[in-house]
Structure formats: C-alpha cells, structure tokens
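Reader: I'd like to learn how to read a few features in a structure. Could you walk me through them, starting with burial?

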Amino acid sequence: MFFSSKTKGYFVEQTDHTILLARTSSPVAPMVVEELRQCPTGDADALAEMMHVIQPKGGPSGYMNACCGVYPAKRLVRRSSLELKRLKEPTYFPELFASQFRIDPDKFMVYVINAVDGTDYDVSKATQKDVLFCGLPSDDIVAVQDGLLASGFFPDQLELGTVSSLGALVDYFAFTKSKTPTLVLEIGTDTTHSFIVSASGVEASRPIPQGLDAMVPIVQKELGLKDEESAKKLFYSNTFDFTGMGPLLVKKLLKELQSSIGFYEVQTGQSVGQILCTMLPTKLTWLDGAIASALGVATTKLDLMPWLQSRQITIPDGVAPGGVDVRWFGLLSLMANTPPQSHAAAAEKKD
C-alpha cells in the first residue's frame with residue numbers, strides 16, 4: 001500500500017549552467033510527472049517565469065518546497081578501499097582524508113556509503129571495504145541553502161546531485177542487465193568528475209582539474225580571436241560548429257581519462273565500453289560524441305521510460321514530446337532513488 005497525498009511534488013536540479021525543474025502528482029512514487037522545465041542558471045527573470053508555470057499560485061510560505069539536487073564546486077564523491085583493521089583507530093579517517101583527498105576533516109561534512117549498493121556504511125560491522133565518501137565543505141552547505149532560498153526554493157531535501165545520479169545509473173544498468181563498464185563524466189566549468197560505473201556499483205572515481213573553461217583559450221587561439229571573453233561567448237553559444245575542433249579541445253582531458261581507464265582495465269581485466277556525459281549544457285552536448293570518438297568507445301544510449309516505469313514514475317507523452325534525454329537524468333534520479341515505503345513511514349511519524 002502506498003502513501004497517497006494531495007500535495008504535489010517539486011524537484012529542482014541546479015548545475016553550473018542550467019536549472020531543471022519538475023512538478024509531479026505526488027512527492028513520492030508512484031507519481032506522474034506533470035511539468036518539466038529548464039532555464040539558464042543566473043537568469044532570474046527566466047527562473048521566475050518558469051517557477052510561475054510550475055507553481056502558478058505560489059507556495060504558502062512564499063517558497064517552492066522542493067527536493068533539490070546540487071553540484072557544489074568543492075563536492076567530494078570519491079571511491080576508496082578501507083583498511084578494515086584500522087577503522088577503530090581515531091586517527092584513521094582524518095589521515096585518510098588528508099592523504100587521499102587533501103581535505104581538512106574539520107571543515108568538511110562527509111558521509112560514507114557502500115560503493116556497491118549505496119546503503120549506509122556501518123563502521124561497527126566493517127565487513128565491506130569498498131566505499132564512497134560523499135560530502136562538501138560545511139560553509140558550502142550554508143552557501144548552497146542560502147542560494148536556493150534567494151532563488152525562491154525551500155529545500156525540503158538537499159542532495160548531492162552526483163550521488164543521486166550515480167545511484168540511479170547503477171540501478172538503471174542493473175534493470176537493463178547491462179554488463180558494460182561505463183565512463184561517466186560530469187564536466188563542470190573548472191573540474192571534471194569522472195567515474196566508472198556498472199550494475200555492480202561505482203567502481204572508480206577521479207576528479208580532474210580541467211573543465212569547459214580550459215577549452216576556451218584553445219578556441220581563441222585556433223580561431224584567432226582577440227580575447228578569451230569573445231572566445232567564451234562563441235564557445236558557449238554554439239553558433240559555430242566546433243565538432244571538427246573536438247579532438248583538439250579535449251586533448252588534455254583525454255590524457256587524464258586514458259590514464260584512469262588504463263589503470264581500471266589493468267586492475268580489473270574489464271574494458272570500459274561506453275561513455276556518458278551527464279551535465280553538459282544543451283549547446284555543448286556534441287562534446288559527448290567528441291570524447292567517445294577520441295577514446296574509441298560508444299556513447300551510452302539511455303532508454304529511460306521502461307526504467308522509470310519500474311520505479312513507478314510515469315511521464316505522459318505531452319509532458320516531454322521529444323522524450324527525455326540524458327540532460328534530465330539527474331533530475332529524474334531525485335524522484336527515483338527513494339523507495340515509497342520510507343516516505344510513507346516518515347509521513348506517518350509526522351502525523
């Protein structure tokens with residue numbers, strides 16, 4: 001029996017370049033997606049108009065209460081193998097944070113989950129050594145919340161979009177019985193977060209200190225433009241066909257990715273067969289194919305509707321006439337990752 005509510009569900013995903021927004025028939029599954037909208041990050045007028053379409057009468061508090069997926073620049077989502085014998089040593093985790101991740105544990109909020117299934121990691125049992133460390137600086141949590149409030153959102157639930165997306169991808173690959181290890185890239189402005197994911201979980205992770213802005217000087221040089229600002233506007237506007245320049249633009253990033261893939265393949269004996277870029281702005285989606293081609297792998301084709309149905313999420317034809325592509329995956333993952341039962345239990349406790 002599912003918890004039923006007259007309350008609509010609202011879901012927000014905010015990336016460097018885009019804000020995605022959805023309204024659903026219920027905040028929990030089973031649910032029907034009633035509206036899907038997007039606008040550029042930083043465009044206050046477009047956001048206000050989009051929010052009015054999604055919630056015409058506005059929320060009773062003046063805010064839109066929503067489940068929010070965010071991607072702070074300093075987010076930590078890293079796979080690691082623990083030394084089980086040292087778990088009870090008080091210095092073990094601080095040393096690991098400092099040596100492996102180069103972060104100050106006193107200034108970070110970090111959560112530990114199992115790398116295979118995303119469940120909470122139980123240090124007292126300590127039977128599983130492969131984990132994901134997920135977190136962000138404590139100051140950034142406040143900044144992110146303040147930013148969402150300033151935009152008119154009250155985060156009922158605040159999630160690292162990376163963690164939500166990875167969890168949903170693992171579930172998707174298990175549902176489709178895919179056995180192909182997949183390189184998943186979140187290419188941000190300054191940093192690229194790379195992961196190797198399969199139905200068995202998150203198998204590798206690595207942040208690379210290069211993002212989209214690192215490609216701008218190459219555009220400037222190749223096209224003989226006067227300054228980087230002109231090159232940046234041209235690059236992000238997609239009024240010029242950059243596909244031929246693709247191999248040159250991704251050359252530095254490629255070296256790092258080849259290194260990560262090579263290490264994984266030697267360690268596991270498995271080959272990475274496809275790539276998925278989850279956060280590219282609409283006008284830069286061609287980069288997905290450029291990187292795949294340069295690596296000699298396929299681009300991942302997601303058939304999301306059957307998987308969403310399995311998670312009791314329905315998207316009527318009229319809501320997404322052209323279908324839902326990978327750009328919506330992070331937003332949809334926010335809807336898909338929490339079992340209905342847990343919401344029902346939480347609702348009963350409130351009552």
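Predicted model: local features only at pLDDT ≥ 70, side-chain atom pairs only at ≥ 80, totals over all residues.

Reader: Which way do the residues of β2 point, and are they buried or exposed?

Author: The general idea is that side chains in a regular strand alternate between the two faces of the sheet. Here Thr18, Leu20, Ala22 and Thr24 point one way from β2, Ile19, Leu21 and Arg23 point the other way, and all are buried. Seven of the seven residues of β2 (residues 18-24) are buried, so the strand is largely enclosed by the rest of the structure. Strands here are DSSP runs of E with at least two residues, helices are runs of H or I with at least four, and both are numbered from the N terminus.

Reader: Which strands does β2 pair with?

Author: Two strands pair if DSSP finds at least two bridges between them. Strand β1 (residues 9-14) pairs with β2 in the antiparallel sense over six bridges, and a hairpin of three residues joins them. Across that pairing, Tyr10 stands opposite Arg23. With β3 (residues 31-40), β2 makes seven bridges, again antiparallel, and the hairpin there runs through six residues. Leu20 has Gln38 in β3 as its bridge partner.

Reader: Which residues line the largest cavity?

Author: First the rule: on a 1 Å grid over the protein atoms alone, a cavity is a set of points where a 1.4 Å probe fits but cannot get out, and lining residues have an atom within 4 Å of a point. Grid points are joined across faces, edges and corners, and a volume is the space filled by probe spheres set on the points. The whole structure has two cavities of 30 Å³ or more, and the largest has a volume of about 100 Å³. Its lining includes Thr18, Leu20 and Gln38, along with Thr278, Met279 and Arg327.

Reader: Why do β5 and β6 each have one side left without a neighbour in the sheet?

Author: Three strands form an open antiparallel sheet in the order β5-β7-β6. β5 (76-81) and β6 (108-114) stand at the edges with a single partner strand each, so one side of each has no neighbour in the sheet. Six bridges join β5 to β7 (residues 130-137), with Ser80 opposite Val131.

Reader: And how should I read aromatic pairs?

Author: A pair of aromatic rings is described by the distance of the centres and the angle of the planes. Rings of Phe, Tyr and Trp (its six-membered ring) pair if their centres lie within 6.5 Å; planes under 30 degrees apart count as stacked, over 60 as edge-to-face and the rest as tilted. That rule gives 14 aromatic pairs. Tyr172 and Phe173 are edge-to-face, at 5.9 Å centre to centre and 65° between the planes, and both are buried.

Reader: Why does the pair of Trp307 and Phe329 count as stacked?

Author: The ring centres of Trp307 and Phe329 are 5.6 Å apart and their planes are at 25°, so the pair is stacked. It links distant parts of the chain, with Trp307 in helix α10 (residues 304-310) and Phe329 in helix α11 (residues 329-336), 22 residues apart. Trp307 is buried at a relative accessible area of 0%, and Phe329 is buried at 1%.

Technical notes: Residues numbered from 1 in each chain as written. Heavy atoms only, no water. Buried < 20%, exposed > 50% of the residue type's maximum accessible area, 1.4 Å probe, protein only. 1 Å grid on protein atoms, 1.4 Å probe; cavity = no way out; pocket = protein on both sides within 12 Å on 5 of 7 lines; lining within 4 Å.
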